[in-house]
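Work through the following exercises with the sequence and the model open beside you. Each task is followed by a solution that goes step by step.

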Amino acid sequence: MSFERERRQMLADIEADVAFTRELTGRDHLDESVMTAMYQVHREDFVPDSQRHASFRDGALPVGYGQTISQPYIVALMTDLLDLRADSVVLEIGSGTGYQTAVLAQLASKVYSIERIPELAQAAQQRLTDLGYDNVEIHCADGSLGWPENAPFDGIIVTAAAASIPPALLAQLKPGGRMVIPIGLPNMHQDLMLVTSDQQGKTEISKILGVAFVPLIEGS
């Protein structure tokens, strides 16, 4: 089944959401490379069969294990905030089904992704491998600890809400790098935060907009 019309409608919905939130985000458009990646990654391949008909809905979708695949606009916005280059090395916390991972892989040289739920980690790696993504590596672990063996990272993206910014992730951000992370407690107000690091490693944190994410799973 072709989802061409739905895929183009998704891009139009993203553009509408960007326009609606521009006063909050400071962005009146997203980079063309990000929009191209959103078009090229087939979202329907990353949702459960029972949700396939709703793949391009302008909202999050459940994917099992109490997790979700984020709203397309949020995926696009978080990706855009990273300002990735073709040689960027990215750390993703929260692989889920691998959708955000695939979008990042379209733009970066290498994506290291951590997923706390073993079943999701294994399925996402297999899915991405089957789809031809050879620049992605997924690890099942506590994402709040990062992946120090492959640090530092040009970009870090966290797709679950933490109570505060994990110190280990800050330590693994390369000077000049950027981190995008939702901060807030479950069922309470959350904010998407952008952490920027200058060439001397000094960080600055700015609030982007209110969001709603599942909580970051920490510990064993």
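**Exercise 1: backbone exceptions**

Asp-83 is found in the loop between α4 and β3 (89-93), where helices (H or I, at least four residues) and strands (E, at least two) are DSSP runs numbered from the N terminus. The model is a predicted one, in which local features need pLDDT of at least 70 and side-chain atom pairs count only at pLDDT 80 or more, while totals for chains, interfaces and linings use all residues. Residues are numbered from 1 along each chain as its sequence is written, and side-chain values use heavy atoms, with hydrogens and water left out.

Task: determine what the phi of Asp-83 is, and then examine the backbone at Tyr-65 and at Pro-152.

Solution. Asp-83, although not a glycine, has a positive phi of about 50°, and Asp-83 is partly exposed, with a relative accessible area of 42% (buried means under 20%, exposed over 50% and partly exposed in between, with a 1.4 Å probe and protein chains only). Next, Tyr-65, in the loop between β1 (61-64) and β2 (67-69), has a positive phi near 60° and is likewise a residue other than glycine. Finally, the peptide bond from Ala-151 to Pro-152 is cis, with omega near 5°, and Pro-152 lies in the loop between β5 (136-140) and β6 (153-158).

**Exercise 2: a glutamate in a loop**

Task: decide whether Glu-44 is buried or exposed, and list which residues it touches.

Solution. First locate Glu-44 in the loop between α3 (32-40) and β1. Its relative accessible area is 5%, so Glu-44 is buried. Then, not counting residues up to four places away in sequence, Glu-44 touches Phe-3, Arg-7, Arg-52, Ser-55 and Phe-56, contact meaning heavy atoms within 4.5 Å.

**Exercise 3: the nonpolar cores**

Task: find which residues of the largest nonpolar core touch the most other members.

Solution. A nonpolar core is a set of buried Ala, Val, Leu, Ile, Met, Phe, Trp, Tyr and Cys residues joined through side-chain atoms within 4.5 Å. The largest has 50 residues, of which Ile-14, Met-38, Leu-77, Tyr-99 and Leu-192 touch the most other members. Its largest share, seven residues, comes from helix α4 (residues 72-81). A second, separate core of 20 residues includes Tyr-112, Val-158, Leu-173 and Met-193. For Ile-14, leaving aside neighbours within four places in sequence, the contacts are Leu-30, Met-35, Met-38, Pro-72, Tyr-73 and Ala-76.
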